[in-house]
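I opened this structure for the first time today. These are my notes on what I looked up.

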Amino acid sequence: MCAQFHWNPETYLEEIRAEVPRYDELQRAAIDAVPFPPDRVLELGIGTGETTRVLLESYPDAWVIGLDSSPDMVYRLREEYDDVQLARMEDPLPDGPWDLVMSVLSLHHLQDDAKRTLFRRVREQSRALVIGDVVKAEPQVTPIDHGFDFPDTADQLAEWCGGQITWTADDLAVVRATYD
């Protein structure tokens, strides 16, 4: 996925749907993987808030805090949601505990060591994790920018976070882990 999507909030959804034709299926599959009705949710890489929007359609009582590293995304999204913070996934997580930590199309921007470190931090502060992301697969449908995107296989993500694969399509996967 090209870095340009992360810097233009006005055109992000249109562009990401062109790059990831199954984007809406991925969003739905990620929400379907939520293991229980969450009260407190931390979304990593909230972007335009699309995942939060879909999550709140299913769980309207959930309280979501979203993190994003793009000042433009955070600024735009604060018009719609109160709890959006400028932060990188590598930064300390906001104080938990969290019922659910979610990330859709964000974790592939982290290199392997940073992913494993993040998964350890999430496990310490959360009851569950749901990841929906681009993964290494054949064929690789989603364009990859090798200096910006670092996808792993769905099996690797599941192993590292202690979870299981709940959905795959092309080079997209949803992984869920529960830590009760």
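**Cavity**

A cavity here is a set of points on a 1 Å grid over the protein atoms alone where a 1.4 Å probe fits but cannot get out. Grid points are joined across faces, edges and corners, and the volume is the space filled by probe spheres set on the points. The model is predicted: local features need pLDDT of at least 70, side-chain atom pairs count only at pLDDT 80 or more, and totals for chains, interfaces and linings use all residues. Residues are numbered from 1 along each chain as its sequence is written, and side-chain values use heavy atoms, with hydrogens and water left out.

I counted cavities of 30 Å³ or more and found one. Which residues line the largest cavity? They are V20, P21, R22, V141, T142, D170, D171 and L172; a lining residue has an atom within 4 Å of a point. I sorted this lining into four nonpolar, one polar and three charged residues. In that count Ala, Val, Leu, Ile, Met, Phe, Trp, Tyr, Cys and Pro are nonpolar, Asp, Glu, Lys and Arg are charged, and the others, Gly among them, are polar.

I then checked the backbone. Most residues other than glycine have a negative phi, and most peptide bonds are trans. D170, from the cavity lining, has a positive phi near 55°. D170 sits in the loop between β6 and β7. Its relative accessibility is 43%, so D170 counts as partly exposed. My cut-offs are under 20% relative accessible area for buried, over 50% for exposed and in between for partly exposed (1.4 Å probe, protein chains only).

L105 is not a glycine either, and its phi is positive at about 60°. I found L105 in the loop between β4 and α5. L105 is buried, at 2% relative accessible area.

I also noted cis peptide bonds. One joins G96 and P97, with omega about 5°; P97 lies in the loop between β3 (84–86) and β4. Another joins E138 and P139, with omega about -5°; P139 is in the loop between β5 and α6.

**Helix α6**

Which residues of α6 (154–161) are buried? I listed A154, L157, A158, W160 and C161. The face turned away carries the exposed D155 and E159. Helices (H or I, at least four residues) and strands (E, at least two) are DSSP runs, numbered from the N terminus.

I picked out C161, whose relative accessible area is 0%. Leaving out residues up to four places away in sequence, C161 touches F119, R123, L129, I131, V175, A177 and Y179; contact means heavy atoms within 4.5 Å. After α6 comes G162, with a positive phi near 75°.

**Cores**

Last, the largest nonpolar core has 29 residues, of which L55, L100, M102, V130 and V174 touch the most other members. Such a core joins buried Ala, Val, Leu, Ile, Met, Phe, Trp, Tyr and Cys residues through side-chain atoms within 4.5 Å. α2 gives the most to this core, with five residues. A second, separate core of 26 residues includes F119, I131, A158 and Y179.

Definitions and conventions: On a 1 Å grid over the protein atoms alone, a cavity is a set of points where a 1.4 Å probe fits but cannot get out, and a pocket is an open set with protein on both sides within 12 Å along at least five of seven lines; lining residues have an atom within 4 Å of a point.
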